Amino acid sequence: EATTEQAFEDADTDGDGLISLAEFTAWYTSSGSAGTGAGADPNAGAGAQEVFVQDDAPDIDMNQARWLLNLDKFSLGELLDTLVEAAPEGVLAKTAFMQAMLNLVRLGGNLTQNSQLNRALELAEQIYDEFAGYDEDVGVDFANLTSGLSLLCTANMAAKVSFAFTIYDVDGDGLVSFDELVEYLASVFKVLFVTSPELRSQMDLDMSADELAHSTASQAFTEAGLDVRTRIGKAEFSTFVERGLGV
């Protein structure tokens with residue numbers, strides 16, 4: 001509870017008792033980009049087993065999510081290679097995704113207890129389900145899930161946005177569409193909502209990740225005087241993402 005209360009205080013920069021989208025994402029990018037540092041245990045000094053066993057322990061936060069999934073141990077490129085191999089047709093089936101995440105967790109070496117491993121797999125499944133919605137049979141788009149998960153790597157935000165742009169620029173012409181911007185923003189929000197549930201519940205908005213992404217992208221295009229049929233380059237993509245996330 002103390003961890004959640006501190007996170008809320010850190011995020012609520014204007015002190016109005018509510019967390020706006022801008023405050024939420026600014027808090028995420030300031031605390032989540034650098035993470036706890038490669039190899040760092042977010043539970044150090046507290047007793048790792050107690051953190052995952054006590055009933056009054058916070059369910060999850062950004063640093064715990066990164067550490068549990070061992071994404072503090074892998075680069076953006078290594079994450080990409082792992083998930084590409086699991087999605088030869090561009091779609092991640094749940095079983096293939098879970099196996100890929102299990103491989104990363106085992107290779108990373110952060111976890112030493114079965115309770116931690118179980119929690120890591122539960123978290124991976126929660127993230128997958130957030131992307132799959134109500135129809136897991138069709139799988140999840142590789143680009144969306146990979147770009148969303150990249151938020152938990154320790155690269156800075158600019159590198160993550162550049163990484164996402166490369167994934168969505170499938171034909172390599174240096175341009176992406178309005179819909180692809182929406183997909184990336186939705187991927188960001190989905191991962192944020194799963195890995196920061198307590199803060200998510202304090203936000204003063206009632207929209208799904210997809211609805212929020214579409215609204216955010218639409219506003220960015222409107223303010224820039226662009227038609228939604230306009231394809232944008234990396235610089236505009238980065239600007240729109242940063243503006244949309246309030247960073």
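Ser 147 is buried in this predicted model, with a relative accessible area of 0%. You will find Ser 147 in helix 8, which covers residues 142–149. Its side chain joins that of Tyr 168 through a polar contact of 3.2 Å. Leaving aside neighbours within four places in sequence, Ser 147 is in contact with Ala 164, Ile 167, Tyr 168, Tyr 184 and Ser 187.

**Helix 8 beside helix 9**

The axes of helix 8 and helix 9 (residues 157–168) come within 10 Å and cross at roughly 175°. An angle over 145 degrees counts as roughly antiparallel, so helix 8 and helix 9 are roughly antiparallel to each other. From helix 8, the contact draws on Phe 142, Ala 143, Asn 144, Thr 146 and Ser 147, and from helix 9 on Phe 163, Ala 164, Ile 167 and Tyr 168. Sorted by class, the contact of helix 8 with helix 9 has six nonpolar residues, three polar ones and no charged ones.

Let us turn to Phe 131, whose place is in helix 7 (residues 114–132). With a relative accessible area of 12%, Phe 131 is buried, because the cut-off for that label is under 20%. Not counting residues up to four places away in sequence, Phe 131 touches Val 140, Asn 144, Leu 145, Gly 148, Ser 187, Lys 190 and Val 191. As for Gly 148, its C-alpha lies 9.4 Å from that of Phe 131, and 17 residues part the two in sequence.

Val 191 belongs to helix 10. At 1% relative accessibility, Val 191 counts as buried too. Beyond residues up to four places away in sequence, Val 191 touches Phe 131, Gly 148, Leu 149, Leu 151 and Leu 152. Val 191 and Leu 149 are 42 residues apart in sequence, yet their C-alpha atoms are 6.8 Å apart in space.

**Helix 12 and its two partners**

Helix 10 brings us to another helix pair. The axes of helix 10 (residues 178–195) and helix 12 (residues 209–223) come within 8 Å and cross at roughly 135°. That angle makes helix 10 oblique to helix 12. Helix 10 passes helix 12 in a right-handed crossing. On the helix 10 side, the contact is made by Phe 178, Leu 181, Val 182, Leu 185, Ala 186, Phe 189, Lys 190 and Phe 193. On the helix 12 side, the residues are Ala 209, Asp 210, Leu 212, Ala 213, His 214, Thr 216, Ala 217, Ser 218 and Phe 221. The residues of this contact between helix 10 and helix 12 divide into twelve nonpolar, three polar and two charged.

Helix 12 also meets helix 13 (residues 234–245), with axes that come within 10 Å and cross at roughly 120°. Here, too, the angle makes helix 12 oblique to helix 13. The crossing of helix 12 and helix 13 is right-handed. Thr 216, Ala 220, Phe 221 and Glu 223 of helix 12 make the contact with Phe 240, Arg 243 and Gly 244 of helix 13. The residues of the contact between helix 12 and helix 13 divide into three nonpolar, two polar and two charged.

Here are the helix pairs side by side.

| Helix pair | Axes come within | Crossing angle |
|---|---|---|
| helix 8 and helix 9 | 10 Å | roughly 175° |
| helix 10 and helix 12 | 8 Å | roughly 135° |
| helix 12 and helix 13 | 10 Å | roughly 120° |

**A loop residue with a positive phi**

Asn 70 deserves a look of its own. Asn 70 is found in the loop between helix 4 (62–68) and helix 5 (76–86). Most residues other than glycine have a negative phi. The phi of Asn 70, however, is a positive value near 60°, in a residue other than glycine. Asn 70 counts as buried, at 0% relative accessibility.

**The chain as a whole**

Stepping back, the chain has 13 helices and two strands. Of its 247 residues, 47% count as buried. Ser 147, Phe 131, Val 191 and Asn 70 are each buried as well. Among the contacts in the chain with a separation of 6 or more, 71% come from residues 24 or more positions apart.

Notes. Residues numbered from 1 in each chain as written. Predicted model: local features only at pLDDT ≥ 70, side-chain atom pairs only at ≥ 80, totals over all residues. Heavy atoms only, no water. Axes fitted to C-alpha atoms, helices over the stretch in contact; angles between N-to-C directions. Helix = DSSP H or I, 4+ residues; strand = E, 2+ residues; numbered from the N terminus. Parallel < 35°, antiparallel > 145°, perpendicular 65-115°, else oblique. Left-handed = near helix turned anticlockwise from the far one by under 90°. Contact = heavy atoms within 4.5 Å. Nonpolar A, V, L, I, M, F, W, Y, C, P; charged D, E, K, R; others polar. Buried < 20%, exposed > 50% of the residue type's maximum accessible area, 1.4 Å probe, protein only. Polar contact = N/O pair within 3.5 Å; in protein donor to acceptor, adjacent residues only side chain to side chain.
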